[in-house]
Amino acid sequence: MKLFLLRHPKPDVKKGLCYGDQDVPLLAGWETAAEAIKGNLSLDFTQTNNVCFHSPLQRAALLAERVSGGQSICVEALKELDFGDWEGLCWQDIPRQEIDAWASDIVHSAPYNGESLQVVADRVWRWWLSVKDEPIENGVVVAHSGVIKVFVSLLCQWPLEQCHRIDVGFNSITELHIQGDFVSLKRLGAGDWAVNS
């Protein structure tokens with residue numbers, strides 16, 4: 001299976017906003033990048049061996065619908081991490097001691113009363129185990145930075161506590177080839193490649 005992990009286009013939010021699983025709109029003109037991504041993938045989703053999955057949040061759902069021609073499957077497990085009390089706040093306005101508490105155990109702590117990184121990893125992995133043995137030749141997952149970082153770490157067996165080091169830019173594609181338990185990382189998403197290429 002070829003697995004393509006797409007991050008949604010840039011949302012229309014103020015700079016520095018913590019928006020996790022908050023449903024936020026996309027910046028005007030996002031369709032241009034979506035068409036570039038669609039052209040780069042060049043997949044026919046009417047064929048049963050090509051499947052697209054997406055987060056229910058509109059910033060991912062809109063891209064998935066455009067890329068797949070309306071053939072994408074909505075998956076609740078692909079939502080971004082829920083930042084609880086921090087949702088809708090600017091990062092600079094979040095008390096430093098709360099951020100430090102989170103950073104001290106980024107995998108298991110959730111001082112914001114939302115999801116921990118481990119909770120996200122568990123739900124993403126449960127979903128993956130439910131689909132990985134399907135007869136999929138090309139799988140596309142349209143999701144979020146946190147979900148993609150966690151997913152790549154799990155697939156590549158990298159330490160989850162280091163997943164924040166992975167750069168997953170807006171409009172990026174991360175490509176993996178998967179054969180049984182063997183995973184090969186072919187391309188790690190960099191930001192806005194589709195618009196700038």
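So, the crossing of helices α4 and α5 is right-handed, meaning the near helix is turned clockwise from the far one by less than a right angle. Helices here are DSSP runs of H or I with at least four residues, strands are E runs of at least two, and both are numbered from the N terminus. This is a predicted model, where local features need pLDDT of at least 70, side-chain atom pairs count only at pLDDT 80 or more, and totals for chains, interfaces and linings use all residues. Residues are numbered from 1 along each chain as its sequence is written, and side-chain values use heavy atoms, leaving out hydrogens and water.

Okay, who touches whom? In α4, Leu117, Val120, Ala121, Val124, Trp125, Trp127 and Trp128 meet Val147, Val150, Phe151, Leu154 and Leu155 of α5, with contact meaning heavy atoms within 4.5 Å. Those contact residues split into 12 nonpolar, no polar and no charged. Nonpolar is Ala, Val, Leu, Ile, Met, Phe, Trp, Tyr, Cys and Pro; charged is Asp, Glu, Lys and Arg; the others, Gly among them, are polar.

Now the rings. The whole structure has 13 aromatic pairs: Phe, Tyr or Trp rings (six-membered ring for Trp) with centres within 6.5 Å, called stacked under 30 degrees between planes, edge-to-face over 60, and tilted otherwise. Phenylalanine 53 and tryptophan 127 sit edge-to-face, 5.1 Å centre to centre with 75° between the planes. That pair ties strand β2 to helix α4, 74 residues apart.

Is phenylalanine 53 buried or exposed? Buried, at 8% relative accessible area; the cut-offs are under 20% for buried, over 50% for exposed, and partly exposed in between, using a 1.4 Å probe and protein chains only. Tryptophan 127 is buried too, at 9%.
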